[in-house]
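The exercises below ask you to read a protein model step by step, with a worked solution after each task.

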Amino acid sequence: MSRFRGIWQASLNATKKALTWNVDDWIPPAEKYIFNFSSKEELKKWHLYSDAEFGGLSSASLEIKDDANKSSGVFSGNLSRDVTEGTKWNITRSGFCGMRSKKAAPTFVIRHMKTLILANPFMSLFDGFIDLEAYDTIALRIKGDGRCYISTIYTENWVNSPGQMEDNSWQSFVFVPKDNWYIAKIPLDHYLPTWRGNVIEAKLEMNPSRILGMSLSVNADGGVPGANSGPGDFKLEIDWIKALRTQ
């Protein structure tokens, strides 16, 4: 078979497949993994940040813990309200650490674009976005330490400063009892729009099809009633983060 005939046949097969889809083929699954901390490869998708970037003394790490039957991520460190003496930053107290996902890059070659789109109707041309349009809830399987953590979703900037580099952020507290695995579920409409940690007092709606990334963070102060707070060690184990369609 010539090269031209082979390309033509592949295109024809993809077209036939597209024309014979069932309705169910167009419905996304009821849940999908966003992040799965099952191997050390997952660490490449995240970076850490803390008040140390601004003269604080908090510290954090992210690693994969291998158990007999399963691996999980461990986000841990130490929260300090102290600041480095003589720092150039104008801060008087600190106490925060976080882990944020890196922005995705396109994963397929443009010259194969038409065939791939025919073969998969849910593939996005620009997969730098996490498209959760078909879902309404974020679920995290985590083991806590009694502290309250903050789940943040970052979307394309259109709320605060369109055209600027800083992403829009939507935040919700996540808290589970310590020392046991729980699945925390947060409806997307429970995430509040924020600007540098402060809630925006306006009625805004997230665009779930234009998500750029997510983060988990912890502060020495604040949180939900009953949660541990203050300076000191923290530890959050993470199995996975999923999107759910519950309605």
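**Exercise 1: an aromatic pair and its surroundings**

Trp-240 is buried, having a relative accessible area of 10%, where buried means under 20% relative accessible area, exposed over 50% and partly exposed in between, with a 1.4 Å probe and protein chains only. The model is a predicted one, in which local features need pLDDT of at least 70 and side-chain atom pairs count only at pLDDT 80 or more, while totals for chains, interfaces and linings use all residues. Residues are numbered from 1 along each chain as its sequence is written, and side-chain values use heavy atoms, with hydrogens and water left out.

Task: Determine how the rings of Tyr-33 and Trp-240 are arranged.

Solution. Begin with the rule, by which rings of Phe, Tyr and Trp (its six-membered ring) pair if their centres lie within 6.5 Å, with planes under 30 degrees apart counted as stacked, over 60 as edge-to-face and the rest as tilted. By this rule the count comes to four aromatic pairs. For Tyr-33 and Trp-240 the ring centres are 6.4 Å apart and the planes stand at 85 degrees, so the pair is edge-to-face. This pair links distant parts of the chain, with Tyr-33 in strand E1 (residues 31-36) and Trp-240 in strand E13, 207 residues apart; strands here are DSSP runs (E, at least two residues), numbered from the N terminus. Tyr-33, at 47% relative accessibility, counts as partly exposed. The charged end of Lys-242 also sits over the ring of Tyr-33, 4.7 Å from its centre, the criterion being NZ of Lys or CZ of Arg within 6 Å of the ring centre and within 35 degrees of the ring normal.

**Exercise 2: strand partners**

Task: Work out which strands are joined to E4 by bridges, and in what sense they run.

Solution. Two strands pair if DSSP finds at least two bridges between them. Strand E3 (residues 59-66) is joined to E4 by eight bridges and runs antiparallel to it, with Ser-59 opposite Asn-78 in E4, and the two strands form a hairpin with four residues between them. E4 is also joined to strand E13 (residues 232-244) by seven bridges, again in the antiparallel sense, and here Phe-75 has Leu-236 in E13 as its bridge partner. Strand E4 (residues 71-79) is mostly covered, since seven of its nine residues are buried.

Task: Find which strands stand at the edges of the seven-stranded open sheet.

Solution. The order of this sheet is E2-E5-E12-E7-E8-E10-E11, and the pairing is antiparallel. Strand E2 (46-50) and strand E11 (198-199) stand at the edges, each with a single partner strand, so one side of each is left without a neighbour in the sheet. E11 pairs with strand E10 (residues 192-195) over two bridges, and Thr-194 has Val-199 in E11 as its bridge partner.
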